[in-house]
Amino acid sequence: MRDKTCPTGTDIVVYVLPILAAHYLMGVLVQLRNTALLRVALLPIVPWLAWRAFLLFDFSCGDHEKAQGNALFAGQMAAICMRTTIWAMVQEPYVRDNVPKNQSTSVPMALWNVWDLFLNTRGIGWNWSQGIPIPRRSKEITSKTQFLIYAAPRAVLYGLAFDAFTEAIRSFSSNLTSLQGETIFNPSLPVVSRYLRALQITYLAIWLAYFAMQWGYYSLSIVLVSVFRQHPSQWPPLFDKPWLSTSLSEIWGKRWHQMLRFIFASCGGIPLAYLFGRTGGILGTFLMSGIFHVVEFRAAGRGGSSMIVAGFFFMNGVGVLLERAWSKKVLPGRRVRGIWGWIWTFSWMAFWGVPLLDQWTRAGRFAADPLPGGIKPTMALLSLGLPQGADKGFVLKFVGHVGIVLQLCYFIFYLEQ
């Protein structure tokens, strides 16, 4: 096998563009009737093209600080392959709400609607999205001007929060800013302090992921609404206050983002549900989620345990099954909920999430700058507001501690209402 090379413009045209073209064609065909044989014939081409490009190119171009580019490419290729597989197997054509009822989608309309199909991973406005919960805003936004006024400050604030939480995690150790990475379990600390430190870093990392996805979501929505004239209704909230979840079923089935729910359930849940019933469906969905995240994690080329990464997602599926057993066998009719449900939910996630995060820090995943161009607004703002020579890392950790206390108080107040 030849070594991977940095892709050139010609390489993108020759090797990557055909993947997108085949994916586009599949997206058109899935909207048209009597195309089943064409879709099945096209199915093996897309994974083969994606695998070939993955083996050929190093999108970091030898710069390990840009290894996240390989992870993003691998994640996108995996998602394209899963969507292509789903589209090849569907029996009824996909129909968007801009197609009149009792009419078939025309070819010109399918050519246009496929762009929305690519980006609309929750199926908003499509007939295949039944069962996917979509959060609603407290106040409906109908005009594009209103939406931009709503989205722009959120994109800025989420970007700042993403940067701030990245810097807060880095402040625990200088090695977390290097590609060599470091475990979150500091062996020089006493056992209790060691695990409390690991839990705090994990807590910050969860919020970091939340802020990063919100920043990316609102930034993309601004471009597509303002430039490509999409309607604000196509961009409802991404999350539904996941910190208020009182069960694993609630956080993964409703409150966390549902962008990849359909492809995980279709490629993992449905096949295993056919073999093993509802239990297989739940575990299959979480297993497919684990495999997807392993592909992205390993593509960065910095090592790490695939079992631990996939295990976090699979064991959350096991947790969902335990909740079902509780409601059916232990206390029939009583679902996991309330403050004890909240404690159970986040204790279970922390137990399996800490080893996952440890793999990320060992692989140096926090070394890359979070925002484009290497800008660091958090450190710039702290430099303006703090005396010269002040310990910015201490301030970041102090704010993190205060945030934990305030958030716990808020949870208890809310859940007791």
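## Secondary structure

The protein chain of this predicted model has 13 helices and zero strands, where helices (H or I, at least four residues) and strands (E, at least two) are DSSP runs numbered from the N terminus. Read from the N terminus, the order of elements is α-α-α-α-α-α-α-α-α-α-α-α-α.

Residues are numbered from 1 along each chain as its sequence is written, and side-chain values use heavy atoms, with hydrogens and water left out. Local features need pLDDT of at least 70 and side-chain atom pairs count only at pLDDT 80 or more, while totals for chains, interfaces and linings use all residues.

## Overall dimensions

Along the principal axes, the C-alpha atoms fill a box of roughly 65 × 60 × 50 Å.

## Burial, surface and contacts

Of the 417 residues, 45% count as buried (buried means under 20% relative accessible area, exposed over 50%, partly exposed in between; 1.4 Å probe, protein chains only). The protein chain exposes about 22200 Å², and carbon and sulfur atoms supply 66% of this area. Accessible areas come from the Shrake-Rupley method with a 1.4 Å probe; for residues, only the protein chains shown count as cover.

Among contacts with a separation of 6 or more, 72% join residues 24 or more positions apart; a contact means heavy atoms within 4.5 Å.

## A nonpolar surface patch

Val156, Leu157, Leu160, Leu381 and Leu384 make a nonpolar surface patch of about 520 Å². Helix 6 (144–170) and helix 12 (377–385) are the elements that give two or more residues to the patch. Helix 6 supplies the largest share, three residues. Leu384 lies in helix 12 and is exposed, with a relative accessible area of 74%.

Patches are made of residues with over 30% relative accessible area and no salt bridge; like charges are joined within 9 Å, and nonpolar side chains (Val, Leu, Ile, Met, Phe, Trp, Tyr) within 5 Å. A salt bridge is a side-chain nitrogen of Lys or Arg within 4 Å of a carboxyl oxygen of Asp or Glu.

## Positive phi in two loops

Most residues other than glycine have a negative phi. Asn34, in the loop between helix 1 (9–29) and helix 2 (36–42), has a positive phi of about 60°. Asn34 counts as exposed, at 80% relative accessibility.

Arg229 also has a positive phi, near 60°. Arg229 is found in the loop between helix 7 (191–226) and helix 8 (248–255) and counts as exposed at 56% relative accessibility.
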